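Here is a short briefing to read beside the model. Keep the structure open and find each residue as it is named.

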2 protein chains.
Amino acid sequence: MNSTPHITEAESEVMKLLWQKEPLTAVEIISQLKDRMDWSDQTIKTFLNRLHKKQAIRFEKSGRNYLYYPLVTYDEYVKAANRSFLDRMYNGAVGMLFAKFLEEEKLSEGEIEQLQQLLEQKKRDGS
Amino acid sequence: MNSTPHITEAESEVMKLLWQKEPLTAVEIISQLKDRMDWSDQTIKTFLNRLHKKQAIRFEKSGRNYLYYPLVTYDEYVKAANRSFLDRMYNGAVGMLFAKFLEEEKLSEGEIEQLQQLLEQKKRDGS
DNA sequence: TTTTATTGTTTACAACCGTAAACTTAGACT
DNA sequence: AGTCTAAGTTTACGGTTGTAAACAATAAAA
């Protein structure tokens with residue numbers, strides 16, 4: 001019903017951890033992000049809080065530690081971000097997007113072949 | 001040298017006009033955007049001003065009217081936006097991006113074939 | 001049970017963005 | 001030349017985001 005809440009870039013760093021392994025305790029989240037992102041623990045706590053407020057995560061306390069779970073899935077997140085980008089930049093025209101990226105980015109032989117297979121399959125499945 | 005300045009979404013509406021036709025007078029820009037975007041002229045003036053400050057456009061006055069020119073090209077803009085999106089969302093892995101979009105979006109037979117041709121060509125050109 | 005440490009909540013603050021009113025200036029018209 | 005007016009400039013203001021300090025609550029240790 002309600003579309004996935006907007007997750008900012010900084011917040012997404014927290015989500016990425018939870019998408020990898022769920023649940024995680026606050027300690028785990030903070031310790032993993034603290035060095036990698038050079039954030040103070042207060043900062044990370046803010047993100048946890050905001051994510052909770054916007055219902056992107058939930059937590060339950062089991063005795064002494066709190067366990068965090070994602071409520072928004074990685075797929076929902078990527079999908080929403082993709083859609084939004086596609087609309088903003090290409091007016092929804094996927095073909096355009098592909099063309100532009102192909103023009104700009106280099107692909108390895110392997111990647112190209114993989115994409116060709118995907119396209120073949122897509123054609124077979126119709127749509 | 002210096003990377004293209006960051007152009008926000010609202011600002012990009014102004015740029016789009018200038019990328020279509022250059023130069024444009026303030027009157028033209030304002031009148032075209034006013035209805036389409038439901039913005040007051042003051043709002044549009046703000047965008048012109050901000051774009052000018054960040055050197056995304058320039059203007060010269062010929063008599064009583066000001067003529068606006070883009071300084072950032074459409075290609076630079078798209079390229080920067082693409083790069084940034086690719087890095088943020090896919091850690092720079094184009095293959096991933098393509099796969100995700102293919103998975104989510106429907107393509108017409110025609111579009112698929114067009115992409116296949118692009119890939120073929122890409123393969124021939126190497127990289 | 002009182003203290004302490006941990007972990008969640010409130011408050012803060014500057015930069016950025018969308019939105020726009022107020023101000024200023026320099027030609028156009030009378 | 002004086003006034004009007006169009007077009008650029010300054011200021012404003014609420015919401016979001018990155019960043020974090022201050023505060024509160026609660027379980028663990030003494």
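By what turn and what shift along the axis can chain B be laid on chain A? The turn is 180° and the shift is 0.0 Å, with an RMSD of 0.1 Å. That is the relation of a two-fold axis. Keep in mind that this is a predicted model.

**The two chains**

- In chain B, the C-alpha nearest the axis belongs to B:Q116, and its distance from the axis is 3.3 Å.
- The copies meet through the same surface, because 100% of the interface residues of chain B are also interface residues in chain A.

**DNA strand C**

- How many residues surround DNA strand C? There are 21, and the closest are A:Y66, B:T8, B:Q42, B:T46 and B:R64.
- Of the atoms of DNA strand C that come within 4 Å of the protein, 57% belong to sugar and phosphate.
- Both chains supply this surface: α2 (26-37), α3 (41-53) and β3 (65-70) of chain A, and α1 (9-20) and α3 (41-53) of chain B, each give at least two residues.
- α3(B) gives the most, with five residues.
- By class, the surface near DNA strand C has seven nonpolar, eight polar and six charged residues.
- A polar side-chain atom of B:H6 lies 2.9 Å from a phosphate oxygen of DNA strand C.
- B:Q42 meets a base instead: one of its polar side-chain atoms lies 2.7 Å from a base nitrogen of DNA strand C.

**DNA strand D**

- Around DNA strand D there are 20 residues, and A:T8, A:W39, A:Q42, A:T46 and B:Y68 come nearest.
- Sugar and phosphate make up 53% of the atoms of DNA strand D that come within 4 Å of the protein.
- Which side chain of chain A has an N or O atom 2.8 Å from a phosphate oxygen of DNA strand D? It is the side chain of A:H6.
- A:A10 uses its backbone: a polar backbone atom lies 3.2 Å from a phosphate oxygen of DNA strand D.
- A:T46 reaches a base, with a polar side-chain atom 2.7 Å from a base nitrogen of DNA strand D.
- The elements giving two or more residues to this surface are α1 (9-20) and α3 of chain A, plus α2 (26-38), α3 and β3 (65-70) of chain B.
- α3(A) has the largest share, five residues.
- The surface near DNA strand D divides into seven nonpolar, eight polar and five charged residues.

**Aromatic rings**

- Over all chains, the count comes to 14 aromatic pairs.
- One of them joins A:F59 and A:Y68: the ring centres are 5.2 Å apart and the planes are at 50°, so the pair is tilted.
- Is A:Y68 buried or exposed? A:Y68 is buried, because its relative accessibility is 9% and the cut-off is under 20%.
- B:W39 and B:F47 form an edge-to-face pair, with 5.0 Å between centres and 70° between planes. Both of these residues are buried.
- One aromatic cluster takes in residues from both chains: A:F85, A:Y90, B:F85 and B:Y90.

Conventions: Residues numbered from 1 in each chain as written. Chains lettered and ligands numbered in written order. Predicted model: local features only at pLDDT ≥ 70, side-chain atom pairs only at ≥ 80, totals over all residues. Heavy atoms only, no water. Near = heavy atom within 4 Å. Polar contact = N/O pair within 3.5 Å; in protein donor to acceptor, adjacent residues only side chain to side chain. Helix = DSSP H or I, 4+ residues; strand = E, 2+ residues; numbered from the N terminus. Nonpolar A, V, L, I, M, F, W, Y, C, P; charged D, E, K, R; others polar. Least-squares fit on C-alpha atoms with pLDDT ≥ 70 in both. Contact = heavy atoms within 4.5 Å. Phe/Tyr/Trp six-rings, centres within 6.5 Å; stacked < 30°, edge-to-face > 60°. Buried < 20%, exposed > 50% of the residue type's maximum accessible area, 1.4 Å probe, protein only.
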